[in-house]
Amino acid sequence: MIKAESDLKFHQTKSFQERTKKTITLAFLLLGSILLLMPLWWMISTSLKSPEEIMQHPPTFIPESFRFSNYIEAWQTGPFARWGLNTLFIAIVTTIGSVLVNSYVAYGFAKIHFKGRNTLFVIVLATMLIPSFVTLVPQYMLFSKLGWVNTYLPLIIPAFAGSAFYIFLLRQFMMTIPDEYIEAARMDGASHLRIWWHIMLPLTKPALITVALFSFNAAWNDLLSPLLYLNDENLYTLQLGLQTFKGSVQVQWHYLMSMSVMILLPTVILFFFFQRYFMEGTNVSSGTKG
Amino acid sequence: MKRNVKLSFILLLAFSLLLSACSGGGKKEANATTKDGKVIIDFWSFWGSETRRPVIEKIVDDFNKSQDEIEVKHTFVPWGDIWTKNLAAVAAGNPADVIVNDLASVAHRADNQQAEDLSKLISKDLQSNLYPHLWEPVLYKDKPYAVPFTSDTRVLFYNKEAFKEAGLDPEKPPTTWAELEEYAKKLDVKKGKKYDRIGFYPLWGSFGAGSWMSNADGGKGFIEDGKLAVNTPKKAEALEWVQGWNKRIGDKNVQAFEAEFSSGQTNPFVTEKVAMWIDIAGFYTQIRDSGKEMEIGVAPIPEQETGSGHWNEGGGFALEIPKGSKHPKEAAKFIEYMASEQAQKYWALKNYDNVANVKAAESAATEMKDIEKTVYDQALANLKDTKLHTVPLEYPDYKTRLDPQLEAAIIGKMSAKEALEKAEKDIEELKK
């Protein structure tokens, strides 16, 4: 005899089991996100404490009194507005550069058949294996001979020279776009430049936005290149400005953290707005929906 | 087709515009003179904090006003990274004219042709104004390659309140290792197996295992005059003594304390979790800025046995002209000013550093008062026992071979003797 659904005890019902499963999953996810958010919370809470409270032991989880003045004071310790504009300029130009250049190169690797394409692609990828500090001094000498030290050129031009990782990301994404589009366009007499501009760019928007976010973030947070190439404090970037709070003996944690929160904000906002594309863009195996 | 050409043309134009826009600012710096014909000296330091920056900028400003041939331009470059940047700039041949660098490794840079020989650039009597133990490290083949600016030395800080609680005389700090240990035990506050307060632990603060070993060994470093002095009986004794602390307090308790304070935001001495602490004199500012009313005392580093010497270790910073500077003569003039009594005294009064100029250091002391003066005086007094162990030319990286063995010994993985034997053998292989 088959038991009727109503005869089952409550904990044996399907809906109960599913719900438990869901609750457990959610609990794990919640725990995970709390763990991930802890450092961020710590940063924000430290940014609102007084220096005396930061030194207290045991540390306080929530600031005793919220010192928003830390933000204003930190901002006023140096020309942060100027440094912010400098950083923004560099980040925007490198972002534009790396989106355009990398996608054009990726288009070549993905859609144009030529002899030695795969070998060339492997060589491009192999550049990812070279640790950047190995090329540090030679690169510095090169830019110095060109007279580019103390200008933004060493920070910007490399973005226009392509990056293996972005090329790879975009190529994989472009591979999923059917060749028919391109063949049709070729038939109508369009050049590669035109196909890239009118067909590939619009179709690869999620991947392009991903590359844009990555490169904006990288330029925004870069410390080493500005450090090496800029000699004039008026040309400094935010990350270099942050270092003023870190001395050889003492660290001004309250300023360091409040300024860090402010510097973090633009990238968080950018990600917030573009996260939908970002998810699609990093998923290189996804197909087109066109 | 036409549109394509147009598009590429626009892109090209935009690109070249960008190039010219970005290169606009910088270039004129290279052989720069100001409008009124002054030579511009590029001076890099890592003093960018709210407290240090105004001090160095005032000194630079005073110098600029004092004469009309040179204009010093001070640039802040982040701590630590400043030397990476300097190496790249020296390699490329366009360094700054004056840089603040590590005093212990001057000879090393001289050997690698990264710094200018100053023997013909600075006046002969400059040396007589500065502490001899700070002058020694700037010499390479008997010629100076830098001028010492500041130095530091270690001081034993102790919590007077804790001393009273434990029934110790707050005016009688420990003077020998045995006393230090005896006091530390009395200052411990235990709750079951755990510590609420640790009286003292020799490796916290800024006096490491190596410093204790050299303290026992008559102030001798690990490499003296190019000869290894790693595996000596006194050094082994000291390492065993350090191991003893770990055994008594327990590795777990030590690690728990270290983890608790690992962020560096809070200091265990300032929060009264540790009662005695060895650090540089400038550590006093952390106690002051904590806003706590803490009664502290200061003392020399305890000696191993009565009469063996309160051997101490110090470091410091020197002013250097990187090899390839365009204006070494003018740079040297600025360096001489930085080493003058006036500039050095101002620095000492504002930052509590031990400065290199003897008169400046002594006259700064007369102008301080209260606890500030007590700490500063102690640091000055400790200078006579302070050794500055320079980076040996034959074994520049000896620490990378020494430290792993010391660590292994401290956590009890091997005996002190074994560790030092192994370290000496490893270091020997490094010889250039």
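Residues are numbered from 1 along each chain as its sequence is written, and chains are lettered from A in the order in which they are written. Because the model is predicted, local features need pLDDT of at least 70 and side-chain atom pairs count only at pLDDT 80 or more, whereas totals for chains, interfaces and linings use all residues.

**View 1. The side of chain B that touches chain A.** Here 41 residues of chain B are in contact with 44 residues of chain A, where contact means that the C-beta atoms of two residues, placed from the backbone, lie within 7 Å. The elements of chain B that give two or more residues to this side are α1 (2-23), β2 (70-76), α3 (81-92) and α11 (284-289), and the largest share, 7 residues, comes from α1(B). Helices (H or I, at least four residues) and strands (E, at least two) are DSSP runs, numbered from the N terminus. By class, this side of chain B has 13 nonpolar, 19 polar and 9 charged residues, with Ala, Val, Leu, Ile, Met, Phe, Trp, Tyr, Cys and Pro counted as nonpolar, Asp, Glu, Lys and Arg as charged, and the others, Gly among them, as polar.

**View 2. The two domains of chain B.** Chain B is divided into domain 1 (32-152 + 315-387) and domain 2 (154-313 + 394-428), with bounds that come from an automatic or database domain assignment. The C-alpha centres of these domains of chain B lie 30 Å apart, and 16 residues of domain 1 are in contact with 18 residues of domain 2. On the domain 1 side, α15 (370-382) and β17 (386-387) of chain B each supply at least two residues, and α15(B) gives the largest share, 7 residues.

**View 3. The largest nonpolar core.** This core has 178 residues, and those with the most contacts inside it are Val98(B), Leu239(B) and Phe334(B). A nonpolar core is a set of buried Ala, Val, Leu, Ile, Met, Phe, Trp, Tyr and Cys residues joined through C-beta atoms within 7 Å; a residue is buried if 20 or more other C-beta atoms, placed from the backbone, lie within 10 Å of its own. The element that gives the most to the core is α4(A), with 11 residues. Domain 1 and domain 2 of chain B both give residues to this core, so it lies between them. Apart from neighbours within four places in sequence, Leu239(B) is in contact with Ala209(B), Met213(B), Ala409(B), Ala416(B), Ala419(B) and Leu420(B).

**View 4. Helix α8 of chain A.** Spanning residues 164-175, α8(A) has 12 residues and reaches 16 Å from its first C-alpha to its last, close to the 16 Å expected at 1.5 Å a residue, a span taken as 1.5 Å times one less than the number of residues. Among the buried residues of α8(A) are Tyr166(A), Leu170(A) and Phe173(A), and the buried residues of this helix pack against α4 (80-111), α5 (117-126), α10 (192-203) and α11 (205-221) of chain A.

**View 5. Met257 of chain A.** Met257(A) is found in helix α14 (residues 253-282) of chain A, and counts as buried because it has 25 C-beta neighbours inside 10 Å. Leaving aside neighbours within four places in sequence, Met257(A) is in contact with Met43(A), Thr46(A) and Ser47(A). The C-alpha atoms of Met257(A) and Leu48(A) are separated by 8.5 Å, although these residues are 209 residues apart along the chain.

Terms used. A residue is buried if 20 or more other C-beta atoms lie within 10 Å of its own, exposed if 12 or fewer, and partly exposed in between; C-beta atoms are placed from the backbone.
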